[in-house]
Amino acid sequence: QVQLVESGGGLVQAGGSLRLSCAASGNTFSINTMGWYRQAPGKQRELVAGISGGRSGSSTAYADSVRGRFTISRDIDKNRVYLQMDSLKPEDTAVYYCNAGAGRPSAPRIVGKYWGQGTQVTVSS
């Protein structure tokens with residue numbers, strides 16, 4: 001129904017920046033929530049940032065550990081969601097996954113059923 005493909009991951013030094021991009025295809029009109037999750041070695045998957053709503057307005061949510069450093073945004077016309085990551089830390093090293101949902105209620109912390117393949121982000125010290 002919905003396919004998600006992430007890009008933009010890579011290796012960056014601490015303090016640097018990366019911008020992740022997720023392209024959605026398929027039944028994209030049904031999507032009302034998108035987000036980014038990450039999973040670091042030995043740790044559970046966690047929400048990084050989420051965004052919900054439509055053209056009339058949106059709501060966002062961030063993990064405490066990234067608030068102020070990361071920014072989630074959407075381009076509805078391009079069916080894309082982005083994660084701008086600034087002031088990166090080694091602790092941000094993880095596989096980052098794009099997530100999308102079409103359920104109700106819609107909220108930026110709700111986990112959707114669609115997942116991308118993940119993109120590796122590695123931050124060196």
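## The cavity and its lining

Four charged residues, 2 polar and 2 nonpolar make up the lining of the largest cavity. The model is predicted. The lining residues are Arg38, Ala40, Lys43, Gln44, Glu46, Glu91, Thr93 and Ala94. The volume of this largest cavity is about 50 Å³. How many cavities of 30 Å³ or more does the structure hold? The count is 1.

Two residues of this lining also pair with each other. Arg38 and Glu46 both line the largest cavity, and their side chains form a salt bridge, N to O at 2.8 Å. Arg38 counts as buried because its relative accessibility is 6%. Glu46 has 27% relative accessibility, so Glu46 counts as partly exposed.

## The largest pocket

The largest pocket has a volume of about 180 Å³. Its lining divides into 4 nonpolar, 4 polar and 4 charged residues. Which strands each supply at least two of the lining residues? They are β5 (46-54) and β7 (70-75).

The names can be followed along the chain. Ala24, Thr28, Ile31 and Met34 are among the lining residues. Gly53, Gly54 and Arg55 also belong to the lining. So do Arg74, Asp75, Ile76, Asn79 and Arg80.

## Salt bridges

The structure holds 5 salt bridges. Side chains of opposite charge can pair when their charged atoms come close. One of these bridges joins Arg55, a residue of the pocket lining, to Asp77, with the closest N and O atoms 2.5 Å apart. Arg55 sits in the loop between β5 and β6 (57-62), and Asp77 in the loop between β7 and β8, so the pair ties together parts 22 residues apart in sequence. Are these two partners buried or exposed? Arg55 counts as exposed because its relative accessibility is 65%. Asp77 is exposed as well, with a relative accessible area of 59%.

Another salt bridge brings together the side chains of Asp92 and Arg69, at 2.8 Å from N to O. This pair links distant parts of the chain. Asp92 is in the loop between β8 and β9, and Arg69 is in the loop between β6 and β7, 23 residues away. Both Asp92 and Arg69 are buried. Salt bridges with shared partners join Arg38, Glu46, Arg69 and Asp92 into one network.

## The disulfide

A disulfide is a covalent bond between the sulfur atoms of two cysteines. The structure holds 1 disulfide. Cys22 and Cys98 form it, with their sulfur atoms 2.1 Å apart. The bond links distant parts of the chain. Cys22 lies in strand β3 (residues 18-26) and Cys98 in strand β9 (residues 94-101), 76 residues apart.

Why is this disulfide left-handed? The torsion about the S-S bond of Cys22 and Cys98 is about -85 degrees, so the disulfide is left-handed. Cys22 and Cys98 are buried.

## Strands around Cys22

Strand β1 (residues 2-7) runs antiparallel to β3, with 6 bridges between them. Which residue of β3 is the bridge partner of Glu6? The partner is Cys22, a cysteine of the disulfide.

Strand β8 (residues 80-85) also runs antiparallel to β3, joined by 6 bridges. Arg19 has Gln84 of β8 as its bridge partner.

## Strands around β11

Strands β9 and β11 run antiparallel and are joined by 3 bridges. In this pairing, Tyr96 has Thr119 of β11 as its bridge partner.

Strand β11 (residues 119-124) also pairs with another strand. Strand β2 (residues 10-13) runs parallel to β11, over 4 bridges. Gly10 has Val121 of β11 as its bridge partner.

The two faces of β11 can be told apart. Which residues form its covered face? They are Thr119, Val121 and Val123. The uncovered face holds Gln120, Thr122 and Ser124. Thr119 and Val121 of the covered face are the bridge partners of Tyr96 and Gly10.

Note on methods. Residues numbered from 1 in each chain as written. Predicted model: local features only at pLDDT ≥ 70, side-chain atom pairs only at ≥ 80, totals over all residues. Heavy atoms only, no water. Disulfide = S-S within 2.5 Å. Buried < 20%, exposed > 50% of the residue type's maximum accessible area, 1.4 Å probe, protein only. 1 Å grid on protein atoms, 1.4 Å probe; cavity = no way out; pocket = protein on both sides within 12 Å on 5 of 7 lines; lining within 4 Å. Points joined across faces, edges and corners; volume = space filled by probe spheres on them. Nonpolar A, V, L, I, M, F, W, Y, C, P; charged D, E, K, R; others polar. Pairing = 2+ DSSP bridges. Salt bridge = Lys/Arg side-chain N within 4 Å of Asp/Glu carboxyl O.
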